[in-house]
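Good morning. I have one structure to go through today, and I will take it in parts. Please look at it while I talk.

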Amino acid sequence: MRIKKDDTVIVLTGKDKGVTGKVLKAMPKEGRVIVEGVNVQTKHQKQTQKEAAEIKHQEGPIDVSNVMYYDTKAKQPSRIGYKVENGKKVRVAKKTGAVID
């Protein structure tokens, strides 16, 4: 999986198509990511002795194939490739050739 935590991605399909957001959590074994502000779900929290009942809104996971890395400098989505620089494997944006990390 080429998408990692704290990457900025754009959603390609689904009800949130076109939305950009930061990856909050990456789950490579499941092939899913949680993106900030995407696939927001409503959870009803029961009342306890310490806390009042409330309705929480939290992001749900979406498939990694439905998102694409978004290059904030070039302001456009790009595929990710790998390159070896100084003996280290680094991620590279294919469209601009910029090193991501």
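One definition before the parts: a residue is called buried under 20% relative accessible area, exposed over 50%, and partly exposed in between. Asp6 has a relative accessible area of 48%, so Asp6 is partly exposed. Keep in mind throughout that this is a predicted model.

Let me begin with the strands. There is an open sheet of 6 strands, and its order is E6-E3-E2-E1-E7-E8, with antiparallel pairing. Which strands stand at the edges? They are E6, residues 62-63, and E8, residues 76-77. Each has a single partner strand, so one side of each is left without a neighbour in the sheet.

Now the pairings inside that sheet. Strand E2 covers residues 20-27 and strand E3 covers residues 32-35; the two run antiparallel and are joined by 4 bridges. Within this pair, Val23 has Val35 in E3 as its bridge partner. Strand E1, residues 8-11, is joined to E2 by 3 bridges, again antiparallel. Here Ile10 stands opposite Thr20 in E2. E1 is also joined to strand E7, residues 67-71, by 3 bridges, and these two run antiparallel. Val11 has Val67 in E7 as its bridge partner.

Next, a hairpin. Strand E9, residues 80-85, pairs with strand E10, residues 88-93, in the antiparallel sense, over 6 bridges. Val84 has Lys89 in E10 as its bridge partner. How many residues lie between the strands of this hairpin? There are 2, and Asn86 takes a positive phi near 55 degrees.

On to the charges. Side chains of opposite charge can pair when their charged atoms come close. The count here comes to 3 salt bridges.

Asp6 forms one with Lys22, and the closest N and O atoms are 3.8 Å apart. This pair links distant parts of the chain, with Asp6 in the segment before E1 and Lys22 in strand E2, 16 residues apart. Lys22, at 37% relative accessibility, counts as partly exposed, and I have already said that Asp6 is partly exposed.

Another salt bridge is formed by the side chains of Asp7 and Arg91, at 2.8 Å from N to O. Asp7 lies in the segment before E1 and Arg91 in strand E10, so the pair ties together parts that are 84 residues apart in sequence. Are these two residues buried or exposed? Asp7 has 7% relative accessibility and counts as buried. Arg91 is buried as well, with a relative accessible area of 3%.

There is also a salt bridge between the side chains of Arg32 and Asp63, at 3.9 Å from N to O. Arg32 is in strand E3 and Asp63 in strand E6, 31 residues apart, so to speak of distant parts of the chain being linked applies here too. Arg32 counts as partly exposed at 31% relative accessibility, and Asp63 counts as partly exposed at 28%.

Last, the surface. Arg2, Lys4, Arg79, Lys89, Lys94 and Lys95 gather there in a patch of positive charge. Arg79 is found in the loop between E8 and E9. With a relative accessible area of 60%, Arg79 is exposed.

That is the end of my part.

Methods. Residues are numbered from 1 along each chain as its sequence is written. This is a predicted model: local features need pLDDT of at least 70, side-chain atom pairs count only at pLDDT 80 or more; totals for chains, interfaces and linings use all residues. Side-chain values use heavy atoms; hydrogens and water are left out. Two strands pair if DSSP finds at least two bridges between them. Patches are made of residues with over 30% relative accessible area and no salt bridge: like charges are joined within 9 Å, nonpolar side chains (Val, Leu, Ile, Met, Phe, Trp, Tyr) within 5 Å. Accessible areas come from the Shrake-Rupley method with a 1.4 Å probe; for residues, only the protein chains shown count as cover. A salt bridge is a side-chain nitrogen of Lys or Arg within 4 Å of a carboxyl oxygen of Asp or Glu. Lys and Arg count as positive and Asp and Glu as negative; His and the chain ends are not counted. The place of a charge is taken as NZ of Lys, CZ of Arg, CG of Asp or CD of Glu. Buried means under 20% relative accessible area, exposed over 50%, partly exposed in between (1.4 Å probe, protein chains only).
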